[in-house]
Amino acid sequence: YEGREMLDKAYDEWFISSGEGLFIDTVEVSAQVFPRTFQKYKHMTFSKDFRVRELLADTEEGRKHAERERNEFYDLRFIPKEWLPFEIDIGIHGNRVLITSVKKEFFTVSIESAEINHAFRVMFEMMWQAALQ
């Protein structure tokens, strides 16, 4: 998916499926780059069948986002400041991994692969354990 206007399209499939979505991002950058996706979040109903865990940059906006969004089915933790800047967006859902460049070059690479998905899930879990609550 190339170009800023195409980035939201990469995430469309996620909104019509179930399971757990895992995300790693800097919310203030991602909100600017994915405006349609962030609008859809406002209308979503999270449940045991549709949940999210998100690793955010530990910024003022990240903390505000966590206060607004955190609930029983949407959990957030923070990337330690010494790991920043984190200037890409990673989404892991189902059998897909989405890696998005959100600063200068706007593109998303969508990879559908059990092996790559598993590797990214392991990396996410390691980061989740080290993240700040």
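This report describes the strands, cavities, pocket and selected residues of a predicted model.

## Basis of the description

The model is predicted; local features need pLDDT of at least 70 and side-chain atom pairs count only at pLDDT 80 or more, whereas totals for chains, interfaces and linings use all residues. Residues are numbered from 1 along each chain as its sequence is written, and side-chain values use heavy atoms, with hydrogens and water left out.

Helices (H or I, at least four residues) and strands (E, at least two) are DSSP runs, numbered from the N terminus. Two strands are taken as paired if DSSP finds at least two bridges between them. Buried stands for under 20% relative accessible area, exposed for over 50%, and partly exposed for values in between (1.4 Å probe, protein chains only).

## Strands S2 and S3

Strand S3 covers residues 74–79; five of its six residues are buried, so S3 is largely enclosed by the rest of the structure. S3 runs parallel to strand S2 (residues 50–57), and six bridges join the two. Within this pairing, Ala57 has Ile79 of S3 as its bridge partner. From S2 the chain passes through helix H4 (residues 60–69) to S3 in a right-handed β-α-β crossover. Right-handed here means that, with the strands pointing away from the viewer, the path from the first strand over the helix to the second runs clockwise.

Leu56 belongs to strand S2. Leu56 counts as buried because its relative accessibility is 0%. Leu56 and Phe86 lie 30 residues apart in sequence, with a C-alpha to C-alpha distance of 8.9 Å.

## Strand S4 and its neighbours

Strand S4 is mostly covered, with five of its six residues buried. S4 pairs with two strands described here. Strand S1 (residues 19–25) is joined to S4 by four bridges and runs antiparallel to it; in this pairing Gly21 stands opposite His93. S4 and S5 are also antiparallel, joined by six bridges, and Ile90 stands opposite Ile99 of S5.

S4 and S5 make a hairpin with two residues between them. Gly94, in the turn, has a positive phi of about 55 degrees.

## Cavities

A cavity is a set of points, on a 1 Å grid over the protein atoms alone, where a 1.4 Å probe fits but cannot get out; lining residues have an atom within 4 Å of a point. Grid points are joined across faces, edges and corners, and a volume is the space filled by probe spheres set on the points. By this rule there are two cavities of 30 Å³ or more.

The second largest cavity has a volume of about 80 Å³. Its lining consists of Ala10, Tyr11, Glu13, Trp14, Phe23, Gly91, Ile92, His93, Arg96 and Leu98. Helix H1 (7–11), strand S4 (88–93) and strand S5 (96–101) are the elements that give two or more residues to this lining. S4 gives the most, with three residues. By class, the lining of this cavity has six nonpolar, two polar and two charged residues. In this scheme Ala, Val, Leu, Ile, Met, Phe, Trp, Tyr, Cys and Pro are nonpolar, Asp, Glu, Lys and Arg are charged, and the others, Gly among them, are polar.

## The largest pocket

A pocket is an open set of grid points with protein on both sides within 12 Å along at least five of seven lines. The largest pocket has a volume of about 190 Å³. It is lined by 12 residues, of which Phe38, Lys42, His65, Arg68 and Glu69 lie nearest its centre. Helix H2 (27–33), helix H3 (35–41) and H4 each supply at least two lining residues. The lining of the largest pocket divides into five nonpolar, two polar and five charged residues.

## Selected side chains

Arg96, a residue of the lining of the second largest cavity, is found in strand S5. Arg96 counts as buried because its relative accessibility is 12%. Its side chain makes a polar contact of 2.9 Å with that of Ser110. A polar contact is a pair of N or O atoms within 3.5 Å; within protein, one must be able to donate a hydrogen and the other to accept it, and residues adjacent in sequence count only if both atoms are side-chain atoms.

Thr108 is in strand S6 (residues 107–112) and is buried, with a relative accessible area of 4%. A polar contact of 2.8 Å joins the side chains of Thr108 and Thr100. Arg36, in helix H3, is partly exposed at 31% relative accessible area. The C-alpha atoms of Arg36 and Arg77 are separated by 23 Å, and the two residues are 41 residues apart along the chain.
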